[in-house]
Amino acid sequence: MGRRVVLVAALWLVLGVEGLVVGAGVVAADLLAGPRPRLLLATAAVLVALVPLAVLAAGLPQASAIGPGFVLDHRLADVLAGAAVALLVVGAVRDVRRDPADRG
């Protein structure tokens, strides 16, 4: 249970309120459904693929305007990337802890 609290706290620290919601969702899915690691990793890959689309949907700034405020202006892309990292970590940990006979 402690690792789940650390995951939620880390996402909350990095992403703010959205991170708290994403972290709670990841932990709830992990506790309730216990998805297979491959599903978590595939979902993380889909979320990473959606990040550029979210940036394009919000509009690209001029090259001279790119700076630290870029992430603040593209919050959806930031949250998608954070959720992808969270799912990637949970999926990788579950895969490593799985019985080697089940990996085949």
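Let me start with a definition: exposed means over 50% relative accessible area, and buried means under 20%. Keep those two cut-offs in mind. One caution as well: this is a predicted model.

Start with helix 1. It runs over residues 2-15. At 1.5 Å a residue, its 14 residues should span 20 Å. The end C-alpha atoms are 20 Å apart, so the two agree.

Now the faces of helix 1. Which residues are buried there? They are L7, V8, L11 and L15. These four cover an arc of only 95 degrees around the axis, which puts them on the same side of helix 1. Why should that spacing work? An α-helix has 3.6 residues a turn, so residues three or four places apart point the same way.

What do the buried residues of helix 1 pack against? Two partners: helix 2, residues 17-32, and helix 5, residues 75-97.

How do the two helices sit against each other? Two packed helices are described by the angle between their axes and the distance between the axes. Here the axes of helix 1 and helix 2 come within 6 Å and cross at roughly 155 degrees. That makes helix 1 roughly antiparallel to helix 2. The crossing is right-handed.

Now the contacts. From helix 1, the residues are R4, L7, V8, L11, W12 and L15. On the helix 2 side they meet a list that includes V17, L20, G23, A24, V27 and L31.

Is L32 buried or exposed? At 76% relative accessibility, L32 counts as exposed. Then a distance for L32. Its C-alpha atom and that of R97 are separated by 18 Å. Along the chain, L32 and R97 are 65 residues apart.

Last stop, H74. Where is it? H74 is found in the loop between helix 4, residues 69-73, and helix 5. Its relative accessible area is 7%, so H74 is buried. What does H74 touch? Leaving out residues up to four places away in sequence, H74 touches V55, A58, G59 and P61.

That is the tour.

Definitions and conventions. Residues are numbered from 1 along each chain as its sequence is written. This is a predicted model: local features need pLDDT of at least 70, side-chain atom pairs count only at pLDDT 80 or more; totals for chains, interfaces and linings use all residues. Side-chain values use heavy atoms; hydrogens and water are left out. Helices (H or I, at least four residues) and strands (E, at least two) are DSSP runs, numbered from the N terminus. The expected span of a helix is 1.5 Å times one less than its number of residues. Buried means under 20% relative accessible area, exposed over 50%, partly exposed in between (1.4 Å probe, protein chains only). The arc is that of the directions from the helix axis to the C-beta atoms. Contact means heavy atoms within 4.5 Å. Axes are lines fitted to C-alpha atoms, for helices over the stretch in contact, and angles run from 0 to 180 degrees between N-to-C directions. Angles under 35 degrees count as roughly parallel, over 145 as roughly antiparallel, 65 to 115 as roughly perpendicular and the rest as oblique. A crossing is left-handed if the near helix is turned anticlockwise from the far one by less than a right angle, and right-handed if clockwise.
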